[in-house]
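The structure is shown first, and the description follows.

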Amino acid sequence: MGNSEIIIEKNNHKGYITLNRAAENNAFSIDFAVLLNQALKDFDNDDEVRVIIIRNNGKHFSVGIDLKVLESVEDEKLPEFIALMDMHNHTIANMKKPVISSVKGYCVANGAGLSFACDLTVAAQSAVFGTTAVNVGLICTGPGIPLTKNIGKKKAMEMVLLGERFTAHMMHDMGLVNWVVPDEELEKKTDEIADAIAAKSPLAVSAGKRGISGSYDMGYHAAIDNGTRVFAELCATEDAAEGIRAFLEKRKAEWKLR
């Protein structure tokens, strides 16, 4: 799939999704968005994969929606087109498995939204982030939703309305990036984190994702109840019992995914 706008690979329980529209700085086209969402869903349903990494070929992670493609969309088809551009926000939130964005270069507009929607983000220290669409007469409403969920309304509004650019370290200080590393260490650090997650009980990791991400749209008490239900279901699994036994017996657990 080397010529595809999205490249998928698997290795050691990790599913790699490589943004491969490098000549267009990984700007979102229709095919790009469709293939990205399908790759996420396919890896979520693949028992060999325990964690997903989104990374990029070329200089930039993604500069957002391809403006040439947007300009060509007929007015009556714009709602359907924009919904497709934002679909990854739904897809990642609904997945059972964690998704890590591994960011280098520009990560702006819809590209930033993709990173905000991921569960974890590792950034090269030279990476640049921003909800910049307002600077071309548009606005980052799609990226703004996961942004608000991460940092709150006022800071999100500041970022969306001003369209400024931010360094990886500034994103880290705001809680939008988990790790900032030297550019040459980005791939290694991302793999280390993914490997650490993949070594955990897949059922426990899935329960953590469903218990937290699944509570985004709930009120406080409903979210607590959701977490209680998910944890109780996990405690009744064979892998939960195996994890406890392995800890008490001071040995490595053997996960059966049941």
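Cys235 counts as partly exposed, because its relative accessibility is 46%. The model is a predicted one. Cys118, by contrast, has a relative accessible area of 8%, which is under the 20% cut-off, and is therefore buried. Across the whole structure, a search finds zero disulfides. Cys118 is accordingly in no disulfide, and the nearest cysteine sulfur, belonging to Cys107, lies 8.8 Å away. A disulfide is counted when two cysteine sulfur atoms lie within 2.5 Å.

**The six-stranded sheet**

Six strands make up an open sheet with mixed pairing, in the order E1-E2-E3-E4-E6-E9. At its edges are strand E1 (6-11) and strand E9 (179-181), each of which pairs on one side only. From one strand to the next, the twist averages 20°. Helix H9 (residues 186-198) packs on this sheet and touches E2, E3, strand E4 (99-103), strand E6 (120-124) and E9. The direction of H9 makes about 160° with that of E6.

E1 and E2 run antiparallel and are joined by six bridges. In this pair, Asn11 stands opposite Lys14 in E2. The hairpin of E1 and E2 has two residues between the strands, and Asn12 there takes a positive phi near 55°. On to the next pair, strand E2 (residues 14-19) and strand E3 (residues 51-56) run parallel, again with six bridges. Lys14 also stands opposite Val51 in E3.

**The three-stranded sheet**

A further open sheet has three strands in the order E5-E7-E8, and its pairing is mixed. Strand E5 (106-108) and strand E8 (166-167) each have a single partner strand, so one side of each is left without a neighbour in the sheet. E5 pairs with strand E7 (residues 128-130) in the parallel sense, over three bridges. Within that pairing, Val128 in E7 is the bridge partner of Tyr106.

Helix H5 (residues 110-117) packs on this sheet, where it touches E5 and E7. The direction of H5 makes about 85° with that of E5. How many residues of H5 are buried? The count is eight of eight, and the helix is mostly covered. The buried residues are Asn110, Gly111, Ala112, Gly113, Leu114, Ser115, Phe116 and Ala117.

| Pair | Sense | Bridges | Partner residues |
|---|---|---|---|
| E5 and E7 | parallel | three | Tyr106 and Val128 |

**The contact of H10 and H11**

Helix H10 (residues 202-212) packs with helix H11 (residues 220-235) at an angle of about 170°, and their axes are 9 Å apart. This angle makes H10 roughly antiparallel to H11. On the H10 side, the contact is made by Leu203, Ala204, Ala207, Arg210 and Gly211. These residues meet Asn226, Val230, Glu233 and Leu234 in H11. Of the residues in this contact, five are nonpolar, two are polar and two are charged. As a rule, an α-helix has 3.6 residues a turn, so residues three or four places apart point the same way.

Methods
Residues are numbered from 1 along each chain as its sequence is written. This is a predicted model: local features need pLDDT of at least 70, side-chain atom pairs count only at pLDDT 80 or more; totals for chains, interfaces and linings use all residues. Side-chain values use heavy atoms; hydrogens and water are left out. Axes are lines fitted to C-alpha atoms, for helices over the stretch in contact, and angles run from 0 to 180 degrees between N-to-C directions. Helices (H or I, at least four residues) and strands (E, at least two) are DSSP runs, numbered from the N terminus. Angles under 35 degrees count as roughly parallel, over 145 as roughly antiparallel, 65 to 115 as roughly perpendicular and the rest as oblique. Contact means heavy atoms within 4.5 Å. Ala, Val, Leu, Ile, Met, Phe, Trp, Tyr, Cys and Pro count as nonpolar, Asp, Glu, Lys and Arg as charged, and the others, Gly among them, as polar. Two strands pair if DSSP finds at least two bridges between them. Buried means under 20% relative accessible area, exposed over 50%, partly exposed in between (1.4 Å probe, protein chains only).
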